[in-house]
Amino acid sequence: MSLTLILITLLLFWLAVALLLWIVKRDLFKKTWRETYIKERVLVIESDDWGPGGDFHADRLQRLSDGLSTYKDSMRRPAVLTADMVLSVPYLKQSMTAPDQPLKRNTLNKDFPIVHLSFINAMEKGVLVPQLHGLEHLYGEGLKRLAVKNDPRVEDAAQTERWWDWETLDSPLQGHYVDGTSLPTKAHAADTQKAIIDQATQLFEQCFGFSTESTAAPCYLWVDDTEKAWAEKHIQFIQTAGYRCSGRREDGSYVQDLQETRPGERNALGQVYLVRNAMYEPVDGRREDDCIRQIEQAYAQASPATISTHRYNYTRTEDEFKMSLRGLQKILQHCTINYADLRFASSPELGQWFLEPGKLTNPADKTI
């Protein structure tokens with residue numbers, strides 16, 4: 001076979017491969033082509049599940065805040081944690097004694113004042129920006145029904161006076177915009193979702209004195225009706241892990257109805273999706289070295305790096321907290337040393353940049 005024929009064969013082969021890739025991944029290619037790229041190295045830290053908790057959470061947050069404040073970006077701004085807030089927990093013990101009464105909730109600001117004050121202090125230090133996670137990290141009315149039936153899945157929650165530890169619930173029960181009391185889950189009706197989000201945004205303002213601009217759905221479970229209700233409350237930015245789940249099947253597996261979301265992509269309502277692309281969940285084995293590699297990969301693609309790190313990494317045992325804090329500090333140290341143009345940002349700040357490209361590069365704007 002002549003060299004010319006070999007080259008032609010190889011060329012046709014690669015053209016066929018390229019055509020196949022285009023057919024299979026056409027939507028991803030289009031999204032990537034339209035994706036907004038950022039010259040600066042932007043680092044966002046998103047952390048879900050903060051809210052009601054034991055008083056010891058205040059001490060943990062203080063130490064975490066001290067760790068964040070040590071590291072400064074190119075504008076001399078400290079590292080900032082976007083803390084996605086759970087605002088209340090159901091008072092199931094009362095529901096057991098008064099099942100016919102409306103569900104009572106213990107709220108962050110009124111029933112967990114020490115923890116609430118710790119968030120305010122971290123805000124004032126400039127290292128924490130609260131945003132909405134949910135009115136609850138569960139479906140309160142559903143848990144009430146289970147408690148009245150003496151369901152063993154909620155036994156501890158129903159017997160504890162000031163219960164807050166939703167992270168110990170069975171995983172399906174931790175969904176907020178779906179009813180996970182039985183599988184498959186069922187999404188709430190649109191008016192139910194609207195009522196939940198109306199109450200949540202009002203309580204958020206009572207807790208923190210301003211309106212939330214972004215949100216992350218508990219367990220990444222939400223639907224179009226949820227986005228519409230968020231939009232009606234002027235929530236512009238949706239934090240994601242790069243996908244959306246509409247529910248869970250009978251076997252507990254997740255149903256993804258929106259996949260391969262790119263940073264800055266918009267939905268039909270004009271809301272902007274933010275994408276977590278660096279996982280730091282050390283209690284689950286997702287450690288700092290892997291997170292650093294993912295950050296470097298994001299920067300190599302001219303994309304912002306958004307770290308996902310949940311509350312439980314910092315609020316379980318003392319040893320787990322120390323491990324998690326050390327790892328986070330290693331990540332921040334790596335970034336501040338290696339990237340002279342590093343910029344720390346909160347989620348709404350990054351989202352606003354996607355709406356107004358170029359704002360991030362303004363040297364007179366020290367808050368991005």
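Student: How many aromatic pairs does a search of the whole structure find?

Tutor: A pair of aromatic rings is described by the distance of the centres and the angle of the planes. In this model, which is predicted, a search of the whole structure finds ten aromatic pairs. One of them is formed by W50 and Y314, whose rings are stacked, with 6.5 Å from centre to centre and 25° between the planes. That pair links distant parts of the chain, since W50 belongs to strand β1 (residues 41-50) and Y314 to helix α11 (residues 312-315), 264 residues apart.

Student: Are W50 and Y314 buried or exposed, and which aromatic cluster includes them?

Tutor: W50 counts as buried because its relative accessibility is 1%, and Y314, with a relative accessible area of 2%, is buried as well. Together with F119, these two residues form one aromatic cluster.

Student: How should I read helix α8, and which of its residues are buried?

Tutor: An α-helix has 3.6 residues a turn, so residues three or four places apart point the same way. Helix α8 (residues 190-208) has 19 residues and reaches 27 Å from its first C-alpha to its last, close to the 27 Å expected at 1.5 Å a residue. Its buried residues are Q193, I196, I197, A200, T201, L203, F204, C207 and F208. Just after α8 comes G209, which takes a positive phi of about 85°.

Student: What is the volume of the largest pocket, and which residues lie nearest its centre?

Tutor: The largest pocket has a volume of about 880 Å³. Its lining consists of 39 residues, of which Y220, A241, Y243, M279 and R286 lie nearest the centre. Two or more lining residues come from each of β1 and α10 (288-300), and α10 gives the largest share, three residues. The lining divides into 14 nonpolar, 14 polar and eleven charged residues.

Student: Which backbone angles deserve a careful look, and where is P184?

Tutor: Most residues other than glycine have a negative phi, and most peptide bonds are trans. The peptide bond from L183 to P184, however, is cis, with omega near 0°, and P184 lies in the loop between β6 (178-179) and β7 (186-187). H234, which is not a glycine, has a positive phi near 65°; this residue sits in the loop between α9 (224-232) and β9 (237-240), and H234 counts as exposed at 64% relative accessibility. E260 is not a glycine either, yet has a positive phi of about 55°. E260 is found in the loop between β11 (254-258) and β12, where E260 is partly exposed, with a relative accessible area of 32%.

How values were computed: Residues are numbered from 1 along each chain as its sequence is written. This is a predicted model: local features need pLDDT of at least 70, side-chain atom pairs count only at pLDDT 80 or more; totals for chains, interfaces and linings use all residues. Side-chain values use heavy atoms; hydrogens and water are left out. Rings of Phe, Tyr and Trp (its six-membered ring) pair if their centres lie within 6.5 Å; planes under 30 degrees apart count as stacked, over 60 as edge-to-face and the rest as tilted. Helices (H or I, at least four residues) and strands (E, at least two) are DSSP runs, numbered from the N terminus. Buried means under 20% relative accessible area, exposed over 50%, partly exposed in between (1.4 Å probe, protein chains only). The expected span of a helix is 1.5 Å times one less than its number of residues. On a 1 Å grid over the protein atoms alone, a cavity is a set of points where a 1.4 Å probe fits but cannot get out, and a pocket is an open set with protein on both sides within 12 Å along at least five of seven lines; lining residues have an atom within 4 Å of a point. Grid points are joined across faces, edges and corners, and a volume is the space filled by probe spheres set on the points. Ala, Val, Leu, Ile, Met, Phe, Trp, Tyr, Cys and Pro count as nonpolar, Asp, Glu, Lys and Arg as charged, and the others, Gly among them, as polar.
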